[in-house]
Amino acid sequence: STDPLVVFTPSGKRGNFPVGTPILTAARQLGVDLDSVCGGRGICAKCQITPSYGEFPKHGVTVSDGALSDWNKVEQRYKDKRGLTEGRRLGCQATVQGDVVIDVPPESQVHRQVVRKAATARDITMDPATHLYFVEVQEPDMHEPTGDLERLERALREQWGIDHITADLTILSRLQPVLRKGKWQVTVALHKSHKDSAHKVLEIWPGLTEDRIYGLAIDLGSTTIAAHLCDLRNGEVKASSGVMNPQIRFGEDLMSRVSYAMMNPGGDKEMTNAVRMAINGLTEAIATEAGIRPFQILETVFVCNPVMHHLLLGIDPVELGQAPFALTTSESLELNARDLDLTVMNENAQVYILPCIAGHVGADCAAVALSEEPGKSEDLVLVVDVGTNAEILLGNTSRVLACSSPTGPAFEGAQISSGQRAAPGAIERIEINPETKEPRFQVIGSDLWSDEDGFSAAIATTGITGICGSGIIEAVAEMRMAGLLDESGLIGSAEQTGTARNIPEGRTHSYLIHDASAEGGPRITVTQGDIRAIQLAKSALYAGARLLMDEMGVDRVDRVVLAGAFGAHISTKHAMVLGMIPDAPLDKVSSAGNAAGTGARIALCNIAARSEIEQVVHQITKVETAIEPRFQEHFVAASAIPHKTDPFPDLAS
Ligand code: FES
């Protein structure tokens, strides 16, 4: 007489269990991913399942010995109070009665896959550092002289197998009233360090909380600060938002900020305060947008370049301004948010900063490596993350090289006459008809082109406000293809190009894209100065990539991944026309969105990824562009569009 067979779908895991075994117990023994916050007490409903073949006893029916099953009473109580979808059962209450096939719906899977990596198509599963646990704590009495924290700790050990916990004063000061309010039942948010597995109490609620907990993944760039707010239970991105980095007023690029710190006593502190306040403002805004309260944010992951890294931490970046560019530390960091004055999120929120690689190659580059995994690629892949500083990686399974190239903020819309951050109202796509030289474009916030019906209505609230980074890349490439500018980047006159849109401006010419000045709106042009700014930026980018290719001893790469912290994906074709990246077959060039931001999300959602990247950075070889004479040579040659000497055979075809 064998025990009934229990089969779980979609995992396919199976085993035999005695009649009366709770399904949650069977799932745990088989390693089936079935969620639970309350530990099987029938109150959290995270363990819902659907029998797809076979039966459990109905709610409230008697079992063999004539008694009403206790399990089902609990389940019935839940159903009466909160309701359960038809066909759903609580996995901790329903018990094995006979052979059964059980479907675990996606909402009941804790470790469901959330972040899909673009280039490698590898999925990241949910396993964040912070989890919620519901526990019943023993009441104190005269014979049990231990403290409330010790009894909470014992409850976590007995009910969840968690060994040792720590709690800051902020928690200790609330522990007693919360335990009593919850009648000795509480939910705790526990953070586990991937380094030493230490558990720390971040938040505590009376009873079983309905609150969800969230984390922020922040890509702290020189020009833009971009954040994703993620639900820490399922990894869902609840809101994404960005602000300009207010440090811009101290200098547009990294080196000018380092010089500001060198020239002005206390300048580093000023910049530290500015960026921390901006992050607080962004936290507030993103919480409001998602309709949550900021105290529900329990974790934040940062990725940033070394200068931003030091300024965020309140460390003077002066050593990064001169060779040998020593970092204070390149190790990853686990910190309290409040130590960084990040006071809008939960007062106990934890911060994780990815490791830096070395010198000017920072945690943002590590995040790109985590997201795009060049070290796992069989073919030679070039990964370029475009920003005010470009992070560039070249490698395959045998070797990975990395550098950081100072492109300046032009690709983020700064230093461009009509430039702006990627936000609703910004032109992000543009086409120029090679015959008529007339432009048509798309604006962030609508899928319609400017010459389509309904365009004006679709953008009525935002209007047309400027051009963002991906828009300016397309504009310059389209101008080149339409013959509006020559290989050296010079914009022709109306007579030379045959369009009245090329208008004189001083001794140079500008191309007019959109003119709403008659109605008091903006007049959007691409000026000769804009072209020069883009040429400088793209030359720096290309030179960085070429330097890595020299170092690797190759003339060509197999694949290119183009990433950037823009609202839209960069058009690979336009990037190639511009000569931002080395020549490669266009079908081997892919656009990966914000790779550094994805890396930050991966580290937020999965603690194993934190250990992984801490290993991987040691296998990446840093190449320093600032002291490499060949960088200058490559830079000068890359100024032409697409390039002065390097051939672009794939472009021609
Ligand atoms: Fe909480 Fe089943 S585990 S209701």
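A residue is taken as buried if 20 or more other C-beta atoms lie within 10 Å of its own, and as exposed if 12 or fewer do. I keep this cut-off at the head of my notes on this predicted model.

**Entry 1. Helix α8**

I looked up how well α8 is covered. Helix α8 spans residues 363-372, and 10 of its 10 residues are buried. I listed these buried residues: A363, D364, C365, A366, A367, V368, A369, L370, S371 and E372.

I then followed the chain out of the helix. After α8 comes E373, with a positive phi near 50°. I noted that E373 is a residue other than glycine with such a value. E373 belongs to the loop between α8 and β18 (381-386). Is E373 buried or exposed? I found 20 C-beta neighbours inside 10 Å, so E373 counts as buried.

**Entry 2. The packing of α8 and α15**

I turned to the contact of α8 with helix α15, which covers residues 607-616. The two helices pack at an angle of about 115°, and their axes are 10 Å apart. Because of this angle, α8 is roughly perpendicular to α15. I recorded the crossing of α8 and α15 as right-handed.

Which residues of the two helices meet? From α8 I noted A366, A369 and L370, and from α15 their partners A609, I613 and V616. I sorted the residues of this contact by kind: six are nonpolar, none is polar and none is charged.

**Entry 3. The largest nonpolar core**

I next examined the largest nonpolar core, which has 182 residues. The members that touch the most other members are I218, A366, V384, A402, V476, L562 and A603. Helix α12 (residues 528-552) supplies the largest share of this core, with 11 residues.

What does I218 contact, apart from its neighbours within four places in sequence? I found I225, A227, I279, T300, V301, F302 and A600.

**Entry 4. An exposed loop residue**

I looked for T436 and found this residue in the loop between β21 (426-432) and β22 (439-443). Why does T436 count as exposed? The reason is that T436 has 11 C-beta neighbours inside 10 Å, and 12 or fewer is the cut-off for exposed. I also checked the separation of T436 from A563: they are 127 residues apart along the chain, and their C-alpha atoms are separated by 32 Å.

**Entry 5. Backbone details**

I searched for cis peptide bonds. The bond from T9 to P10 is cis, with omega near 5°. P10 sits in the loop between β1 (5-9) and β2 (14-16). I noted a cis peptide bond between I641 and P642 too, with omega about 5°. The loop that holds P642 runs between α16 (629-637) and α17 (649-652).

Finally, I looked up W184, a residue other than glycine whose phi is positive, near 70°. W184 is placed in the loop between α4 (169-181) and β10 (185-192).

Technical notes: Residues numbered from 1 in each chain as written. Predicted model: local features only at pLDDT ≥ 70, side-chain atom pairs only at ≥ 80, totals over all residues. Axes fitted to C-alpha atoms, helices over the stretch in contact; angles between N-to-C directions. Helix = DSSP H or I, 4+ residues; strand = E, 2+ residues; numbered from the N terminus. Parallel < 35°, antiparallel > 145°, perpendicular 65-115°, else oblique. Left-handed = near helix turned anticlockwise from the far one by under 90°. Contact = placed C-beta atoms within 7 Å. Nonpolar A, V, L, I, M, F, W, Y, C, P; charged D, E, K, R; others polar. Core = buried A, V, L, I, M, F, W, Y, C linked by C-beta atoms within 7 Å.
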